[in-house]
2 protein chains.
Amino acid sequence: MAKTLNVRDALLEQLVVVFRERGYEGATLVQLAAATGLGKASLYHHFPGGKAEMAAVLLRKSVAELQQRAFAHLNKMKRSPVERLDAFIDGFSDYVAQGASHCLVAVIAQGSAADVHGDLINNQFADWRSSLIRVYEELGEKRKRARRSADQLLDELYGALLTAKLLGDPNHFMRCVKRLKRALGALG
Amino acid sequence: MAKTLNVRDALLEQLVVVFRERGYEGATLVQLAAATGLGKASLYHHFPGGKAEMAAVLLRKSVAELQQRAFAHLNKMKRSPVERLDAFIDGFSDYVAQGASHCLVAVIAQGSAADVHGDLINNQFADWRSSLIRVYEELGEKRKRARRSADQLLDELYGALLTAKLLGDPNHFMRCVKRLKRALGALG
DNA sequence: GTCTATATAATGATAGAC
DNA sequence: GTCTATCATTATATAGAC
């Protein structure tokens with residue numbers, strides 16, 4: 001395993017923190033540069049396209065990470081549907097650091113960068129939603145009901161991230177996760 | 001009833017559209033002025049504090065509207081708990097224009113203006129959460145379970161607003177509303 | 001109360017030395 | 001590859017005429 005990530009990836013890890021916390025418009029080059037320890041001009045050496053390029057790269061990186069850490073579990077046919085849902089929830093929870101950080105994809109979707117990346121995001125989430133629906137169908141639910149279950153799960157996870165902020169309660173997200181896992185237990 | 005709103009309120013109604021669509025950082029004075037049909041300097045006549053004042057006024061106005069249109073129904077003791085929850089969901093749905101627009105309170109909570117208004121928002125939502133919990137307790141749920149029910153309802157409503165954007169599906173929010181009302185029907 | 005014009009500051013971005 | 005210095009643009013905000 002790589003003892004040190006390549007420079008670009010190391011930079012991206014520092015940059016994503018700023019975008020997640022401040023949003024696309026809220027993240028300034030001064031803040032982004034400060035987060036990396038570099039000067040603004042040095043950042044442009046690594047990302048000639050500036051803020052737009054950083055966001056575009058990070059969006060794709062985050063989509064891939066969300067896929068690997070969470071949604072990929074839904075397609076592991078060796079496990080039972082309930083186990084897959086459980087692994088998905090845990091993976092999502094890890095992806096957002098137990099509610100301590102946001103989902104960059106959602107952040108981008110809510111800013112002006114959505115004009116450029118909206119289709120990518122919409123298509124990806126439509127795909128992910130289909131995976132979720134399929135699992136609920138395997139659980140014996142009819143298509144219509146499976147759709148409702150899938151939508152409800154997604155809504156609760158993303159909603160809990162937001163309401164945690166509205167309530168000012170960092171633990172709110174994990175309470176939602178426990179609630180969801182408890183409900184899963186009743187199913188399987 | 002006022003045939004015409006006073007000028008300030010009319011302006012605020014036009015301004016809130018911009019903040020909801022572009023976020024606090026994303027809304028520029030040029031856009032805000034354009035939405036009112038006034039020049040930038042004229043906006044400063046009505047709101048000497050500029051963007052910060054507009055947002056502060058609109059936040060309070062939105063909190064009041066959300067209270068009146070949605071959460072107030074939870075305390076109407078003449079109605080049954082289920083009827084109150086049903087009226088709350090409808091009121092919230094109206095407040096966000098059936099999912100066509102966002103909740104300004106959530107928008108502010110996610111931008112840098114949250115530094116100033118975070119406490120107001122947190123306290124208000126803690127209060128609203130308590131109202132929700134009380135209704136579920138009246139339905140016979142124990143405190144712990146009532147808390148879970150209240151959190152789940154809030155998470156789903158706010159989550160559906162967000163996932164509607166992630167999915168690019170304007171109807172997603174109303175599907176959530178129907179799901180919630182159907183579940184209510186089973187309760188009452 | 002609204003406008004044009006302008007000031008001030010911040011932001012995104014580039015040039016060029018080292 | 002990083003820096004200082006600078007530029008061009010946009011943003012917030014104000015002055016003052018009408």
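Of the 188 residues in chain A, 41% come out as buried, a label given when 20 or more other C-beta atoms, placed from the backbone, lie within 10 Å of a residue's own. Keep in mind that this is a predicted model, in which local features need pLDDT of at least 70, side-chain atom pairs count only at pLDDT 80 or more, and totals for chains, interfaces and linings use all residues. Residues are numbered from 1 along each chain as its sequence is written, while chains are lettered from A and ligands numbered from 1 in the order in which they are written.

Let's stay with chain A for a moment. It has 9 helices and 0 strands, where helices are DSSP runs of H or I with at least four residues, strands are E runs of at least two, and both are numbered from the N terminus. With a radius of gyration of 18 Å, close to the 16 Å from the globule rule for 188 residues, chain A is as compact as a globular protein of that length. That radius is taken over C-alpha atoms, and the rule is 2.2 Å times the number of residues to the power 0.38. Along its principal axes, the C-alpha trace of chain A spans about 55 × 35 × 35 Å. Among contacts in chain A with a separation of 6 or more, 56% join residues 24 or more positions apart; a contact here puts two C-beta atoms, placed from the backbone, within 7 Å.

Now bring in chain B. Chain A superposes on chain B by a rotation of 180 degrees with 0.0 Å of shift along the axis, at RMSD 0.0 Å, so the two copies are related as by a two-fold rotation axis.

Two or more residues each come from α2 (29–36), α3 (40–46) and α4 (50–69) of chain A, and from α3 (40–46) of chain B. The top contributor is α3(B), with 4 residues.

How values were computed
A residue is buried if 20 or more other C-beta atoms lie within 10 Å of its own, exposed if 12 or fewer, and partly exposed in between; C-beta atoms are placed from the backbone. Copies are superposed by least squares on the C-alpha atoms of residues with pLDDT of at least 70 in both.
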